[in-house]
Amino acid sequence: MAMEAGKLPTAGKPIRCRAAVSRKPGEPLVIEEVMVDPPMPHEVRIRIICTSLCHSDITFWKMKDPPGCFPRIFGHEAVGIVESIGENVDEVTEGDVVVPTFMSDCGECADCKSKKSNLCSKLPFKVSPWMPRYETSRFKDLNGEVLYHFLFVSSFIEYTVVDVAHLTKIDPAIPPNRACLIGCGVSTGVGAAWRTANVEAGSTVAIFGLGSIGLAVAEGARLCGAARIIGVDTNPDKFEIVSSCHSSCRGNRLQVQMIDKEAKLGLRSWQVHVQSL
Ligand SMILES: [Zn+2]
Ligand SMILES: [Zn+2]
């Protein structure tokens, strides 16, 4: 029988592949073979081509009590290629390059349609061990034991299943080792400046905390045309990081102000637009 155009021979069948499984809180991940079920309706199975580590992975990896749960497959910053799609998926097709995101965008609810909110009310964010629509897992180990999902992504695995509301199709020309950062810190930080604070061209922006999100806020403020960007941090090591993070400093617009944890800030003279903690 001829295969449907674009479909891979793995479509509709479980895939056996490797994953870095977190078996116990705080203990090293174990590389093992696991089974990944085919996608249910509104779901997409993707082959992960690049993933990165975010601090939220570490926070939940250490967690002994709920919402920590084990065995679990962590990872939520990734980029992948669509291997197969479930029913009712029109947004992406086999071979598309996609970035999974832990925040959903169903595209249908009043909040997704509104320009003033990006918090989907149909599939609201929660730290769930399951897929968002069915409260079941697509992962099992070779003994048949269920492996839990993380933030609706679980990218420390060769193939994962993600709800289509948690996927964004991207230009395949974007280098994968950059694209895999877009699912968490970059979108949070750039969006804070661009969408939440609505930074105006020519304005002065202060950013509190120069971690990965703070640096992404700086980049968002730069893209919005901020004339002056002041980064505030208590950690002197951030000087080095900021100066090596060239894109945020283009035009020398980002200045760094170090403060003591106890110090009182003389913020009245600044126009404060962005607060990132
Ligand atoms: Zn929605
Ligand atoms: Zn993250």
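I take helices (H or I, at least four residues) and strands (E, at least two) as DSSP runs, numbered from the N terminus.

I am working on a predicted model, where local features need pLDDT of at least 70, side-chain atom pairs count only at pLDDT 80 or more, and totals for chains, interfaces and linings use all residues. Residues are numbered from 1 along each chain as its sequence is written.

**Overall.** I looked up the secondary structure: the protein chain has seven helices and twelve strands. Next I checked burial. A residue is buried if 20 or more other C-beta atoms, placed from the backbone, lie within 10 Å of its own, exposed if 12 or fewer, and partly exposed in between. Of the 277 residues in the protein chain, 39% are buried. Then I turned to contacts (C-beta atoms, placed from the backbone, within 7 Å). Among contacts with a separation of 6 or more, 71% link residues 24 or more positions apart.

**Cis peptides.** I found a cis bond between Pro 66 and Pro 67, with omega about 10°. Pro 67 sits in the loop between α1 (55-62) and β4 (77-85). Phe 70 and Pro 71 are also joined by a cis peptide bond, with omega about -5°. I place Pro 71 in the loop between α1 and β4.

**Positive phi.** Asn 88 is not a glycine, yet its phi is about 60°. I find Asn 88 in the loop between β4 and β5 (97-100). Asn 88 counts as exposed because it has 10 C-beta neighbours inside 10 Å. Leu 151, another non-glycine, has a positive phi near 50°. Leu 151 lies in the loop between β7 (146-147) and β8 (159-163). Leu 151 is buried, with 25 other C-beta atoms within 10 Å.

Definitions and conventions. Chains are lettered from A and ligands numbered from 1 in the order in which they are written. Two residues are in contact if their C-beta atoms, placed from the backbone, lie within 7 Å.
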